[in-house]
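Reader: I am new to this structure. Please show me how to read its features.

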Amino acid sequence: MHTSESSRASEGKGVGLGLALVSALAFGGSGVAAKPLIEAGLDPLHVVWLRVAGAALVMLPLAVRHRALLRGRPALLAGFGLLGVAGVQAFYFASISRIPVGVALLVEYLAPALVLGWVRFVQRRPVTRAAALGVVLAVGGLACVVEVWSGLSFDALGLLLALGAACCQVGYFVLSDQGSDSGEVPDPLGVIAYGLLVGTAVLTVVARPWTMDFSVLAQRADMNGTPVAAGLLLGWIVLIATVLAYVTGVVSVRRLSPAIAGVVACLEAVVATVLAWVLLGEHLSAPQIVGGAVVLLGAFIAQSSTPAKGSVEPVATGGAESRLSARENAA
């Protein structure tokens, strides 16, 4: 029986890793599709509003189906909408209007190291020296990415906006895992649907979409010299980089843990940087490339480290595996 349960847990983890990879790839394509729209004349917040509102419309039938969540988990829905949807997207899109897509995402993906801080100081679970080393590497790599030795040549506001996206992304990973330890897991599709609706409501007040120049969407946007229909770019952003990305992302966190999902999600930075290089012509310098690799390495070390012997639960262990182990020990 233990073998059967272990096999199911292993299979679930494999599916979770696959979903996390799909999510990272989908999220990674958002910036390269959004930046041409911003350069065509749309305000970054307007692009965010179109993205979130369009996805909310697609997910509306699921919101109606899971309306019981409004009574049972209102705080979760509000937090997910404010941080995981509105916060992440608004800060990220605002940052890429000022700095390259790759740099913005590399800063945003300090989030895995920040998740580690959440585990250590909020959940009060032990953290190893290797995990601390990972954080130091991530910060050092970030210094290379922004080329701090160049003084004021980098955009400080753009970097702060990207850091804001990183902080909101911590909320996304933590809230996506709510209920997995207690077994009272709210339906992920319902959480995403209402999170998008909450995000739309918040962004409507902030972005004021009625001031948007909607005529831009009927035109073509320039992608590094290649004209692309703005409507096609928006469709990609809504359906692939939002709906598919959020659905696969939240389900993967449930099957893994915020820590492991955060590691896989770091691939988004790599995907986005490569796509920005190929499609937008945003070339990074050698120190920035090395720094980006160090950021990802540091985040990986920080998140995949386990605490010292004798601790209750490893930092990067998924919830399902932990519960299975507890049952086996009890037996």
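Predicted model: local features only at pLDDT ≥ 70, side-chain atom pairs only at ≥ 80, totals over all residues.

Reader: How do I read a helix pair?

Author: Two packed helices are described by the angle and the distance between their axes. Here, the axes of α6 (residues 101-108) and α9 come within 7 Å and cross at roughly 45°. Axes are lines fitted to C-alpha atoms, over the stretch in contact, with angles from 0 to 180 degrees between N-to-C directions. Helices are DSSP runs (H or I, at least four residues), numbered from the N terminus.

Reader: What does the angle make α6 relative to α9?

Author: Oblique. Angles under 35 degrees count as roughly parallel, over 145 as roughly antiparallel, 65 to 115 as roughly perpendicular and the rest as oblique. The crossing of α6 and α9 is right-handed: the near helix is turned clockwise from the far one by less than a right angle, whereas anticlockwise is left-handed.

Reader: Which residues of α6 make the contact?

Author: V103, A104, V107 and E108 of α6 do, meeting α9 residues that include L159 and Q169. Contact means heavy atoms within 4.5 Å.

Reader: And the second pair?

Author: The axes of α2 (residues 30-39) and α11 come within 9 Å and cross at roughly 150°. The crossing of α2 and α11 is left-handed. Among the contact residues are A33 and L37 of α2 and L234 and W236 of α11.

Reader: Which residues lie nearest the centre of the largest cavity?

Author: A cavity is a set of points on a 1 Å grid over the protein atoms alone, where a 1.4 Å probe fits but cannot get out; lining residues have an atom within 4 Å of a point. Of the 22 lining residues, F27, Y109, Q169, Y172 and E268 lie nearest the centre of the largest cavity.

Definitions and conventions. Residues numbered from 1 in each chain as written. Heavy atoms only, no water. 1 Å grid on protein atoms, 1.4 Å probe; cavity = no way out; pocket = protein on both sides within 12 Å on 5 of 7 lines; lining within 4 Å. Helix = DSSP H or I, 4+ residues; strand = E, 2+ residues; numbered from the N terminus.
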